[in-house]
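Welcome, and take a moment to turn the model around before reading on. The paragraphs below are meant to be followed with the structure in view.

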Amino acid sequence: MRHLKAINKKARRIDGLVSAMDADVVALQNQPAPQQRPHVPMGCALAFSPGWEVDSAGGTAGLCQPVERDIYDCYVTCFWPAQVPDHLNNYPDWASKCAAATKDWRNLDLVFP
Amino acid sequence: MTATQTCTYRLGEFHPFEAGGRQFLYLVPAGAIFEMDPSAAAVLSLLSEGAATHEELIGKLTQRDFAYHDATELVQELFRARVIVATDSIQEPLEAPPSDFPLQSLVMNLTNQCNLSCQYCYEFGDDKVATPEGKPKFMDMATAKASVDFLLEQSSGRKAVHITFFGGETLMNFPLLEQVVKYASRRAAEQGRQIDFSLTTNGTLLTPAIIEFLSQNRVGVTVSMDGPPDLQDKLRVFANGKGSYDIIAPRVKALIQNHRTRPITARVTLTKGVTDVVRIFRHLKDDLGFHEVGFAPVTTSPDRLYAIGERGMDGVLEEFHILADEYLEYALRGEMHGFSNVSDTIAELYQGVNKSHPCGAALGLMGVGPSGDIAPCHRFVDSDTHSLGNIATGVDRAKQADFLNRGHINNKYDCRTCWARPLCAGGCHHEAFVRYGDTGHPNLHYCDWIRDWTDTCLRIFGAISAQNPEFLEKFAERKALN
């Protein structure tokens, strides 16, 4: 923790718990592992976003994230103008009616450049 | 977007304090102590004006030149540590202790007889709860052996257990004490466990031979003593009214000089007219040489002549503060000062205790009287009303559960909003019974005093942690003396 400094035993336990929340969940995490780094999705294929994949039955129903969500993988976490409108300069509001992609994807604005 | 970002934040339950120019907070539901930086303090000051949604809070912080990312991280940290909360604060019920909670300490009242007639005595005085009529006056070896076996049997899983010898005047039954130490040491060794001993005495019967035995067997000694002659002799008198100071002083000096294996402590009872805490401390610490001196106001109903009134208690607290300031100076130099009231509280703050009950009575600690009757602690020994069974027949679990249920912090409505409850938990069961006729009643007559004292000790703790943190490591193994 950066702003609270634990100075008794109980506080140190809380510090441990809070710090653990920041670490990502990884497979075999109980093994003595090197320091865990947060998972930062950078780019598409390496992040294995489920939208590019199929589930074990060959469909998209059983993915761990809804397939519609991958629209945002092209929107906030990487810039890929071929797939989504340019939200940085020309169309900052194009997704403003789409709060939850799974539910509201039909509200995404059409863009006519 | 995570769920935390749509909620409304409020201040959690904590007690803020300042020490050594730094800001701290005592997180009440946990008993945790944190030093906070100015950023954390800024969030708390914003929320002290009223609740705010995530967006409002972040907005206000960014207006104060926090970068958006820093503000989010700051709020998240405080939220996760529960310094700020988002839901209605529902006090999470403390769990009741398991019914087979293992014993750790047994207080053996070797006799209920005493050679002094201190007027305020809780065992013989006007407010006594003991009903010793028709019961044995001295414990015999069979009962003592059964008690030791009881302790070892009821403490399964513990590597180390403890016996405190008590009275009456404990040393009036020294022959039994000697035998118990030998028997218990042998039994514990057979089981590969550790046992240690301590005793409380008025000091009148100490002899060189007794002192040598106590030192050889590492028996810790607490002497009940009220100070220099004029104060000691006020209430700590023989049956003929003669004061006890002149008898005790040379014996105590010999004890401190020759008992080298454990620190020797004095335990002072404060009464009306015996409130010169600083003078008493100087005399017992500097003139007589006690390692530690602890003070407690007398347990009494409020109308007794020796009761300390509210104004008297304010004076006591002022004197406590003088010694507390001294304690801090010593601690910053890395030295022990000897004022037990601070050390005991610091020891609990170091651990971050959060008590379901004010003390270990009827949990890890029990008392046994000369008759073998089991009591929640030494103060209830020989009381028929509070008996929890007999050493021969075992603990009456229903009575024990009733006692613990009454004393549980969740059943003390007045304590629910008090920030000092993790340490106090309503205060001494016996004091509550004497004052209010119910062991489970919160000791409302000293709430302000407890809060003031806890705050004082928190500030000492904070200052030490900032300026000499190694000193606090001395408390890693120390347990509160009571």
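What follows is a walk through this predicted model, from its confidence scores to the contact of its chains and on to some packed helices and paired strands.

The model as a whole scores ipTM 0.86 and pTM 0.81. Chain B averages a pLDDT of 93, and 96% of its residues score at least 70. One stretch calls for care: over residues 1-5 of chain B, pLDDT stays under 50, and the model has five contacts beyond four places in sequence for these residues. Where pLDDT is low, the predicted coordinates should not be read in detail.

Now look at where the two chains meet. Chain A brings 14 residues to the contact, and chain B brings 19 residues. On the chain A side, strand 1 and helix 1 (9-22) each supply at least two of the residues that touch chain B. Helix 1 of chain A gives the largest share of that side, with six residues. Sorted by class, the side of chain A that touches chain B has eight nonpolar, two polar and four charged residues.

Four strands form an open sheet in the order 1(A)-4(B)-3(B)-2(B), with antiparallel pairing. Which strands stand at the edges? They are strand 1 (4-6) of chain A and strand 2 (14-19) of chain B; each has a single partner strand, so one side of each is left without a neighbour in the sheet. From one strand to the next, the twist averages 30 degrees.

Zoom in on the pairing across the chains. Strand 1 of chain A and strand 4 (residues 32-36) of chain B run antiparallel and are joined by three bridges. Here Leu4(A) stands opposite Met36(B), while Lys5(A) has Glu35(B) as its bridge partner.

Helix 15 (residues 447-467) of chain B lies across strand 2, strand 3 (22-27) and strand 4 of chain B, and it runs at about 55 degrees to strand 2 of chain B. Helix 15 of chain B also packs with helix 10 (residues 310-332) of chain B, at an angle of about 10 degrees and with the axes 10 Å apart. Angles under 35 degrees count as roughly parallel, and helix 10 of chain B and helix 15 of chain B are therefore roughly parallel to each other. Residues in this contact include Phe320(B), His321(B) and Tyr327(B) from helix 10 of chain B, and Trp449(B), Trp453(B) and Ile460(B) from helix 15 of chain B. By class, the residues of the contact divide into 13 nonpolar, three polar and one charged.

Next, follow helix 3 (residues 68-80) of chain B, and meet two helices that pack with it. How does helix 2 (residues 54-63) of chain B pack with helix 3 of chain B? The angle is about 130 degrees, and the axes are 9 Å apart. That makes helix 2 of chain B oblique to helix 3 of chain B. Their crossing is right-handed. Leu57(B), Ile58(B), Leu61(B) and Thr62(B) of helix 2 of chain B make the contact with Tyr68(B), Ala71(B), Thr72(B) and Val75(B) of helix 3 of chain B. Six of the residues in this contact are nonpolar, two are polar and none is charged.

Helix 1 (residues 38-47) of chain B is the other helix to look for. Its axis and that of helix 3 of chain B come within 10 Å and cross at roughly 75 degrees. Helix 1 of chain B and helix 3 of chain B are therefore roughly perpendicular to each other. Ser39(B), Ala40(B) and Val43(B) of helix 1 of chain B contact Leu74(B), Val75(B) and Leu78(B) of helix 3 of chain B. This contact has five nonpolar residues, one polar residue and no charged residues.

Finally, turn to strand 13 (residues 365-368) of chain B. Four bridges join this strand to strand 7 (residues 105-109) of chain B, and the two run parallel. Within this pairing, Met108(B) has Val368(B) as its bridge partner. Strand 13 of chain B also pairs with strand 14 (residues 374-375) of chain B, in the antiparallel sense and over two bridges. There, Gly367(B) stands opposite Ala375(B). The hairpin of strand 13 and strand 14 of chain B has five residues between the strands, and Gly372(B) takes a positive phi near 90 degrees in this hairpin.

Terms used
Residues are numbered from 1 along each chain as its sequence is written. Chains are lettered from A and ligands numbered from 1 in the order in which they are written. This is a predicted model: local features need pLDDT of at least 70, side-chain atom pairs count only at pLDDT 80 or more; totals for chains, interfaces and linings use all residues. Two strands pair if DSSP finds at least two bridges between them. Axes are lines fitted to C-alpha atoms, for helices over the stretch in contact, and angles run from 0 to 180 degrees between N-to-C directions. Two residues are in contact if their C-beta atoms, placed from the backbone, lie within 7 Å. Ala, Val, Leu, Ile, Met, Phe, Trp, Tyr, Cys and Pro count as nonpolar, Asp, Glu, Lys and Arg as charged, and the others, Gly among them, as polar. Angles under 35 degrees count as roughly parallel, over 145 as roughly antiparallel, 65 to 115 as roughly perpendicular and the rest as oblique. A crossing is left-handed if the near helix is turned anticlockwise from the far one by less than a right angle, and right-handed if clockwise. pLDDT is the predictor's confidence in each residue, from 0 to 100.
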